[in-house]
Amino acid sequence: MQLGVIADDFTGATDIASFLVKNGMSTIQLSGVPQQDLQTDNDAAVVSLKTRSCPVDSAIQQSLAALSWLQKQGCQQFYFKYCSTFDSTPEGNIGPVLDALLAALGEKTTIISPSLPVNGRTVYQGYLFVADQLLNESGMRNHPVTPMKDANLLRLIESQAQGKAGLIGYSIMEQGSDSVRQRLTELAGTGISYVVLDALNEQHLLTQGEAVQGLKLVSGGSGLAMGIARAWAQKKGAVEDSSAAGHPVRGNAVVLSGSCSVMTNAQVAAYQSQAAAKSLDLAACFDHFDQYVAEISAWVREQDNHPLAPLVYATTEPQTLKRLQAIYGDKASSEIVERFFASLAADLRRHGFTRFIIAGGETSSIVAQTLGVKAFHIGPTISPGVPWVRDSAQDLSLALKSGNFGDENFFARAQQEFPL
């Protein structure tokens, strides 16, 4: 196996796996660190964790466990995958995990490349942009868990990690992979631990993929995976899409949305005019949880005469979210919403549902765990970074969407392009 990926959330893992598959690396995705070695001929393995916003010590412990397992599988290069909006706080978890991985591998330098131009994430002179806005001026400034108050990646990583950051800017990136590789060596020689890479387009990501082939640890969003996969596939002499194994199964579907991102709010609003939709009642969750889960499950099953799957959503705009958190508490609200979606998914699965379209990293992770997903194949792409995935052990398919990914018609297109 060539590449081992450690992803800090479930949708992020699916995101990077889809780019690897599409660009020539056969890939399997795993839910958590497996207990046994993997018998497979895949080029890459992606271990999905839930470490983006957990306590730092837990994030480090889980990431090191994933690294150790991937080393045992013979991986030659390791990739710490985080969100393309660098979701973190001054305490971590990106910086502390990177430091721990570098130490475990005996390495001194890695790269930071969150760019994903196809979804509007670019880096210029070390500043991260979301479309035409600086990160701290985008919707991410109001993120309920990791509000992003700065767009400068060098400052962001230095605030939460132990080493110093350097930059390879646009002008060097334009000169090609040899120039980038040379500058990487120079910066490493001066004691730089984290090298931020500018990227404004797909060609810059391909350049990065060629330049970092000799680096044992890389880090970034899913865009860099395009360059790494292309470089690896070209060594083998072919770049082939290997998504057939993950084509979605047929059967009843449901859409579950736990994300409160700007894009998911727009997607929920658009889908409400196309299909049956029901907003989660937080008070009912707290007052009579089991009864409420049974009530919503019954409602979902009653919608089987509609051409598009019903939607159950906790998605809401920032002002309403703050009001609800003030009433019920931030942590308690998040936990009960996750528990609700997990219980609802389990009940629908018992009633024969085989397709789950899920928005939000935390929601995706808890639902996949509840449904017993341990490993799955990556299927065809719905939107950049969001494929269908198919469980390797049961007739079950999932579309796991990170909050801000996809266009406004994502929920409908996931079904219309791949009929139930």
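Modeller: Phenylalanine 86 sits in the loop between β4 and α3; such helices (H or I, at least four residues) and strands (E, at least two) are DSSP runs, numbered from the N terminus. This is a predicted model, where local features need pLDDT of at least 70, side-chain atom pairs count only at pLDDT 80 or more, and totals for chains, interfaces and linings use all residues. Residues are numbered from 1 along each chain as its sequence is written, and side-chain values use heavy atoms, leaving out hydrogens and water.

Biologist: Why is phenylalanine 86 called buried?

Modeller: Buried means under 20% relative accessible area, exposed over 50%, and partly exposed in between (1.4 Å probe, protein chains only). Phenylalanine 86 has 0% relative accessibility, so it counts as buried.

Biologist: Where is alanine 131, and is it buried or exposed?

Modeller: Alanine 131 lies in the loop between β7 (127–130) and β8 (133–134). Its relative accessibility is 52%, so alanine 131 counts as exposed. Phi of alanine 131 is also near 55°, again a positive value in a residue other than glycine.

Biologist: Which residues does the cis peptide bond join?

Modeller: Glycine 92 and asparagine 93, with omega at about 20°. Asparagine 93 belongs to the loop between β4 (77–81) and α3 (94–105). Most peptide bonds are trans.

Biologist: On to the helices. At what angle do α1 and α8 pack?

Modeller: Helix α1 (residues 10–22) and helix α8 (residues 223–236) pack at about 30°, with their axes 8 Å apart. Axes here are lines fitted to C-alpha atoms, for helices over the stretch in contact, and angles run from 0 to 180 degrees between N-to-C directions.

Biologist: What makes α1 roughly parallel to α8?

Modeller: Angles under 35 degrees count as roughly parallel, over 145 as roughly antiparallel, 65 to 115 as roughly perpendicular and the rest as oblique. The angle of about 30° therefore makes α1 roughly parallel to α8.

Biologist: At what angle do α11 and α13 pack?

Modeller: Helix α11 (residues 289–301) and helix α13 (residues 330–350) meet at about 50°, their axes 9 Å apart. That angle makes α11 oblique to α13.

Biologist: How do you know whether glutamine 272 is buried, exposed or partly exposed?

Modeller: Glutamine 272, in helix α9 (residues 262–272), has a relative accessible area of 37%, so it is partly exposed.
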